[in-house]
Amino acid sequence: MSGIVGYGAFVPRNRIKSEEIARQWGKDPETIRRGLLLEEKSVPGIDEDTITISVAAAQAALERAGIDPKRIGAVYIGSESHPYAVKPSGTILVDVLGIGPEVHVADFEFACKAGTEAMFVAFGLVESGRVEYALGIGADTSQGAPNDALEFSASAGGAAFIFGRKNVLAEVVETYSYTSDTPDFWRREGEFYPRHGGRFTGEPAYFKHVLSASRAILDKTGLKPKDFRFAVFHMPNGKFPLSAGKTLGFSKEQLETGWVVPTMGNTYSGSSPTGLAAILDVADPDDLILITSFGSGAGSDSFVLKATEELPRRRPRAPTVRSMLEGRRRYLTYGEYSKYREKIIVNQ
Amino acid sequence: MPSPRYWREIPSRYRLEASRCCGCGKVAYPARKVCPACGADDWKQIQLSRHGRVVTSTVIHVPPDDFLMEAPYAVAVVETSEGARLMVQVVDCEPAEVVPGTEVNLEFRLIRREGHGGILCYGYKGVPAG
Ligand SMILES: [Zn+2]
């Protein structure tokens with residue numbers, strides 16, 4: 001039986017409220033809060049990036065796994081905001097955690113899907129027996145252009161999952177991937193902010209891929225929505241994942257645990273993985289969990305997981321996602337936010 | 001070529017590797033060859049816990065150029081539970097909150113960028129616990 005042997009998440013402590021961004025651009029805050037269901041979002045500190053978030057999440061995953069880091073044979077970080085254009089994020093992480101040098105490392109990229117992509121490959125290598133343990137991470141510090149709708153959602157955070165074959169906390173029951181060429185959102189090399197096709201991209205991009213992948217994995221496993229206790233779908237805003245879940249036949253109760261977007265924002269590659277971490281923070285043995293990611297361009301990865309007796313035992317070794325969302329926070333003004341996100345140019 | 005010193009210090013900067021003197025038990029961070037307390041040269045490598053307490057602190061208002069966007073910020077000498085002392089920035093809080101006795105967790109952060117196109121230098125910073 002292969003599955004998750006350790007998991008952890010990290011959300012930076014800085015926040016900005018939707019109201020504060022709306023005020024800056026003369027927009028109506030109620031439209032954002034009710035329309036997109038976004039209250040506030042996390043903002044990375046000036047000293048936080050995909051690497052530091054990945055390290056924090058992976059340190060928590062190692063605490064819960066309780067294994068010697070040297071036994072991890074593969075490390076993959078999925079992100080669309082790797083700090084270097086050329087030089088892997090993963091090499092820094094393995095040296096911090098004391099993994100390697102006998103380790104296979106790669107950085108993955110697939111818009112918001114890169115995290116589950118890293119998890120998918122990590123799981124595959126463990127299941128095949130090629131490596132004993134593998135670490136898959138999704139983390140981002142993404143930016144939306146100023147005064148773009150994305151500015152209300154693009155946030156920072158991530159989650160890390162160690163896969164193994166012994167003492168698993170959650171068994172991977174099945175996986176499924178669905179991919180097609182769909183130019184709904186992109187950023188060309190050298191451009192600072194991404195561009196997108198606007199409001200008409202929901203149906204042919206997000207919903208088509210999320211619904212197709214989720215329906216196919218239900219088909220493949222013979223499971224029905226009512227068999228699950230929890231489901232989480234990629235969260236580009238508050239509305240889309242609830243709408244996708246409802247279309248598939250999931251109830252609000254099944255969706256709300258992993259639905260962390262109203263106070264976290266969209267952490268891109270870290271979005272559905274952090275939602276999964278929030279679910280593992282409360283799941284009971286034998287609970288079934290569905291996770292479906294979405295990455296523009298476009299594709300979705302689905303996993304069906306089943307919690308084991310080990311999960312409640314090892315969960316308390318690291319902080320929960322909710323404790324980070326509701327714990328120590330610092331609220332920024334738009335001016336401070338602009339400085340933190342390096343939107344202000346100063347003389348060198 | 002990035003600074004060779006940063007490269008050489010990776011074990012202590014990234015993994016908080018320190019050493020404990022086999023003669024008198026003193027913990028040295030970063031690791032040393034000869035014990036300043038008892039003169040012994042036999043050491044056991046240890047890894048510091050990511051938790052400590054502020055011994056003394058100050059607030060930097062006029063920073064070096066690389067830290068311009070961060071000022072004002074707190075810098076503190078932190079003692080870990082193993083008895084090692086390290087000087088770190090304390091972040092994610094108001095600088096004035098950082099006083100002797102403040103419990104901090106050590107988190108891996110970006111310390112500085114080597115100019116516009118140079119390497120990124122990482123290490124640990126303190127964050128008030130709780
Ligand atoms: Zn000594």
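This is a predicted model: local features need pLDDT of at least 70, side-chain atom pairs count only at pLDDT 80 or more; totals for chains, interfaces and linings use all residues.
**Entry 1: A:Asp301**

Ignoring neighbours within four places in sequence, I found A:Asp301 in contact with A:Lys113, A:Thr116, A:Glu117, A:Tyr176, A:Ser177, A:Ile291, A:Thr292 and A:Ser293. I placed A:Asp301 in strand β13 of chain A, which covers residues 297–307.

Is A:Asp301 buried or exposed? I read 1% relative accessibility for A:Asp301. The cut-off for buried is under 20%, so A:Asp301 counts as buried.

Next I went through the side-chain partners of this aspartate. A:Asp301 and A:Lys113 form a salt bridge, 3.0 Å from N to O. I also noted a side-chain polar contact from A:Asp301 to A:Thr116 at 2.9 Å. Another polar contact, at 2.6 Å, links the side chains of A:Asp301 and A:Ser177.

**Entry 2: the two domains of chain A**

I looked up the domain assignment for chain A and got domain 1 (3–169 + 314–340) and domain 2 (171–311). Their C-alpha centres are 16 Å apart. I count 57 residues of domain 1 of chain A and 58 residues of domain 2 of chain A in the contact.

How much area do domain 1 and domain 2 of chain A bury between them? I have about 4,500 Å², with 62% of it on carbon and sulfur atoms. On the domain 1 side, A:Cys112, A:Leu169 and A:Arg315 lose the most area to domain 2 of chain A, together 15% of what that side buries.

Then I checked which elements of domain 1 of chain A supply at least two residues to the side touching domain 2: β1 (3–10), β3 (40–43), α5 (114–128), β6 (133–141), β7 (156–164) and α12 (321–326). The largest share of that side is from α5(A), with seven residues.

**Entry 3: the nonpolar core**

I turned to the largest nonpolar core and found 130 residues in it. A:Leu135 and A:Ile162 have the most contacts inside this core. Helix α3 of chain A (residues 50–65) gives the most to the core, eight residues.

Why does this core lie between domain 1 and domain 2 of chain A? Both domains give residues to the core, so it lies between them.

I then listed contacts for A:Leu135, leaving out neighbours within four places in sequence. Among them are A:Ala58, A:Ile72, A:Tyr76, A:Leu93, A:Leu97, A:Phe161 and A:Ile162.

**Entry 4: chain A against chain B**

Last, I looked at where the chains meet. I count 23 residues from chain A and 26 residues from chain B in the contact. The buried area between chain A and chain B is about 2,200 Å², and carbon and sulfur atoms give 50% of that. I noted that A:Ile46, A:Asp47 and A:Arg328 supply 27% of the area chain A buries against chain B, more than any other three residues.

How many salt bridges does the rule find across the interface of chain A and chain B? I have nine salt bridges there. I looked at a salt bridge between the side chains of B:Glu94 and A:Arg330, 3.9 Å from N to O. I also have 13 residue pairs in polar contact across the interface of chain A and chain B, both residues at pLDDT 80 or more.

The elements giving two or more residues to the chain A side that touches chain B are α3 and α4 (89–97) of chain A. I noted α3(A) as giving the most to that side, with five residues.

Methods
Residues are numbered from 1 along each chain as its sequence is written. Chains are lettered from A and ligands numbered from 1 in the order in which they are written. Side-chain values use heavy atoms; hydrogens and water are left out. A nonpolar core is a set of buried Ala, Val, Leu, Ile, Met, Phe, Trp, Tyr and Cys residues joined through side-chain atoms within 4.5 Å. Buried means under 20% relative accessible area, exposed over 50%, partly exposed in between (1.4 Å probe, protein chains only). Helices (H or I, at least four residues) and strands (E, at least two) are DSSP runs, numbered from the N terminus. Domain bounds come from an automatic or database domain assignment. Contact means heavy atoms within 4.5 Å. Buried area is the accessible area (1.4 Å probe) that two parts lose on being put together, summed over both. A salt bridge is a side-chain nitrogen of Lys or Arg within 4 Å of a carboxyl oxygen of Asp or Glu. A polar contact is a pair of N or O atoms within 3.5 Å; within protein, one must be able to donate a hydrogen and the other to accept it, and residues adjacent in sequence count only if both atoms are side-chain atoms.
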